[in-house]
Amino acid sequence: MEAADNLLNGGDAQAAYTLLTANESKAAIAQGTHSVKQLQDYERLLATAALRAWKLSPEQGAYLLGRASELGVADRLSLAEYYYGKLDYSKALTAVTNKGALLKTEAMTKNVAERYLIVILEISLKQKNLVLASSAGNALIALPSSFEGIVQLAELAKGSDWRRQALTLIETYLDKNKGLVANAPADSREKLIEAALVLAEEAGDLSLSLKVIDELEGDVKNWQKLSELGQSQLKLGKPEVALKVLTLAKTVADKQPTISALDNLLYSEMMLDKAEAYFSLSKPQEGYQALVDAYEREPIPQTILRGVALIKGAEPYQAILTDWLNLTSQPGDNSVERAAALLQVARELKSDGELELALHVYELSNTLHPQAEARLEAGYLALDLQKSSKAIDLVKEDQVGETQEAAGRIRCEAFRQQGRTGEALSCALNEAAGNPTDAQALKNVAYYANLTGNVGTAARFLERLYQVEPTLETAKQLAFLYEKTEPSKAIKWFSIAFERYGDQQAGMTLLYGALKRGDWNAVARVLPRLQLSKLSRKQQGEVYEARARLTLEQAGPSDEERREAVVAALADMKKARSLKPTTQNRYSIVAFTFELGEVEEAEREYQALPKAEQETVIALNTGGFIADTLGEYSLAASRFERSLAQDIDQPLIVENLAFTYLRDYNNQGAADMFRLRLGMMQAPSPDLEEEQKRQQFQRQLRILEIPFSFLAFNGMSPSRQNIPLAGGVLGVPSSSPFGSVEVTYRPPYIGFMNGRVFEFVGRTQWANKRGGFRPDPDTWQGVIGARFKPFETQNLKLGIEKFLKIGDLTQDNWLIRALWSVTYGGDFLPLIDPETGQPKTGGLYYNLYLEGGKFLEKEATALFYGDARIGYSFNVSGNTIVLPFIYSIGSGNWNDNIDAFAAEAGIGAIIKYRGFENQFYGPLVNIELIGRLGHEIYNNNADLTDRILLGLQASF
């Protein structure tokens, strides 16, 4: 054992291990003659020798680990390395720490301490014990002259979670040991800066390495790596850090004596990255200089294009971009490729709307390397910019070959811009003559012919174009061309565009035209083919409006069919309004709703119209009818008045306003309107219905403006008169031979109220002697009174009259009376056949007259008179009528002394004549000659006898 111990102390661990494991040594130990201490010393020596000779067994390792505190630093480090090699980092740390704490390094040599701390750092990072790693790192940078240790620290920190702490320790070391750093080996300095850059890159923040770079930049040799790092920082959105690194990379690269072709490309890319950093930091001038450096190294298309992209990100960029493009378009190497790149730039600028600059770049590209496509594109662009002279100059070389055709079109368009349309047309015609089936040539002729006003030529060439190349666009051009000159051909081409190509706009044009022409068959053909989903909301609304109008046009003749059509049309108009409200559909909804009898709803729709639309003539008229139907006569009149204020030439509205005034008891207004309407009418009118209306209006105007009326009758009869007949007493032309003169007066306001009448009556009457017209003086009677007609349409009159005694046979008395009558036919109004509309010369006539009365004084006699006639009227002329009829009369008187009733029947005739016509009042005088021949069929006071009457009546 002593020999082995000496060998260990001498540093020959292998020999000591061999000696201790030799057979003789094993045998001596096996004899069992040794003390316990000897055996323990043997085990210790053997384990130590095995450790130092790298022959350690697991048992021996465990033995030494249990006694690690007894081992020297070197043995502890070896034991740690043993366990580190077995990936047992926990036991490795146990070997070199005192219960997890660092050993004191003051007594260690610098190299041992440095090695010890590096081992601790390496093991703790493997075990992710960052606290212990930081302790070891701080201890390491505290050692004097430990630059190599710092380099190792940086290398170990790569890929760990301890990167940021490592960089902080490195910066601290560099601050404290500037002298040592300056004297450190160059390769170590370079390794440190490269490691710091890697650590910063791994940490995602290259700025963490900037201080290291500042301290050691002179020692960096790998500028390519720095360039890569700078590019990565650009991608991370850190232009400031990128610029710092790229600037260092350029400094390092510029110190290289020579650079390969590949490195030249890398250098150019590095300068492009640097330019990008400058532009990102809003330093366009510095960025531009970096671009110049990149281009001088590699004048290739990629450099040009990236430079353009970077410059366009600056504001403003036009001046810098112009300088860059002028620079990169100079003659030299790669001219073909650079010209192609410039052409690409020109196209991009054109797409961006930078037309002036784009044209300049097209010219630069063509100057650098002439290209037909550049010239042609530049020519078209020059035309867009209204630079016709430049366009002509650009294509002056393209007189033959493949570009001749396109260049010719450019020249033609340039001629047009210069106002030389004749030359442009000639140019196009020559081109088309040489290429009769060339679609573009035909288009050009049509275009320039149209510009020169030669529509015929334009249409002819467009039709040839359609034969060569049938397209929707050509069909529509032809349609629009013919629209103003030959509408039938326009319809043909719009139909082709619509039916063959499904062009909905062409369909809408056809629809508009058909509606304007009133061609409902065409409307019916177009509507089903229109696709609402392809139309605008406005057009969809127009389709629904058209469908509504078509529905009404196609409605059947019956009322039910008309109503069904209006219901459908109303639904379509409401759809149209929901899509695009218009004056047309809003008004139509009002009109259709009113026509369906939904009057209150129609009024609501009218009120919902915009104020301006409510005040249009047509809306006011409809609104007037609605209000009139609702019984709002004042409102109706107001709307009709506002309509006529805009357009007085509306005969029907004048008529309706007149009758509305009547219903509103505005007699003066009604009279004014009737007078106005009569002034519009021809007298007599050749139109029978119009003539009927004219005469009716004259009658109404007479009633409104002439409050007096006059009636005179005188009759004779050869028949006996047994009793005073009631008709004579009542003043009715009966079989009684009597005469009367009656005057009536209607007072203002209450005298006439739309068919209701109140009038004062004055009458004198007498009985004639038998067989003549001679009055019997004893029968003269005076009468005054008043009559009231309470109903508008029923001819029922109620009256009270004061009889005044004049003749000896008369008496003073009061009479109350009521009369009712109905008449059909026998009128002077023109007769019209309702089926044919043709005039008639005669028609059915009947009349029924009933009256009863009672005297209030004396015998209080009650009176009754009834007269029924039926016959035929012969309208001999416009002013003469002959009315033959059969009749029946019944009359009676009753009081306490008299009970008399008689009835007769027979035939008769009336001849009517009217005259003294006035424009506004019509005939003012009516004369009637009456004749009757009958026989009594009942008489309770005398024998039955013949009844003959001849009478003459005049009225005013």
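**Salt bridges, cores and a strand residue**

In this predicted model, R604 and E601 form a salt bridge in which the closest N and O atoms are 2.8 Å apart. Both residues belong to helix α36, which covers residues 599-608, and they sit three residues apart, about one turn of the helix. E601 has a relative accessible area of 26%; because buried means under 20% and exposed means over 50%, E601 is partly exposed.

D254 counts as partly exposed because its relative accessibility is 39%.

The next pair lies in strands. The side chains of E759 and R787 meet in a salt bridge of 3.4 Å, N to O. This pair links distant parts of the chain: E759 is in strand β6 (residues 756-767) and R787 is in strand β7 (residues 781-789), 28 residues apart. Both E759 and R787 are buried. They also belong to a network of salt bridges, which links E742, E759, R763, R787, K797, E801, R817 and E851. The count of salt bridges in the model comes to 41.

The nonpolar cores come next. The largest of them has 66 residues, and those with the most contacts inside it are M270, L291, I311, L321, W324 and L325. Helix α16 gives the most to this core, with nine residues. M270 touches W223, S227, L246, A249, K250 and A253, leaving aside residues up to four places away in sequence. Another core lies apart from the largest one; it has 52 residues, including Y83, I118, A157 and L192.

The last stop is L804, in strand β8, which spans residues 795-805. L804 counts as partly exposed because its relative accessibility is 33%. In sequence, L804 and V783 are 21 residues apart, while in space their C-alpha atoms are 5.7 Å apart. Not counting residues up to four places away in sequence, L804 touches Q781, G782, Q811 and D812.

Conventions. Residues are numbered from 1 along each chain as its sequence is written. This is a predicted model: local features need pLDDT of at least 70, side-chain atom pairs count only at pLDDT 80 or more; totals for chains, interfaces and linings use all residues. Side-chain values use heavy atoms; hydrogens and water are left out. Helices (H or I, at least four residues) and strands (E, at least two) are DSSP runs, numbered from the N terminus. Buried means under 20% relative accessible area, exposed over 50%, partly exposed in between (1.4 Å probe, protein chains only). Contact means heavy atoms within 4.5 Å. A salt bridge is a side-chain nitrogen of Lys or Arg within 4 Å of a carboxyl oxygen of Asp or Glu. A nonpolar core is a set of buried Ala, Val, Leu, Ile, Met, Phe, Trp, Tyr and Cys residues joined through side-chain atoms within 4.5 Å.
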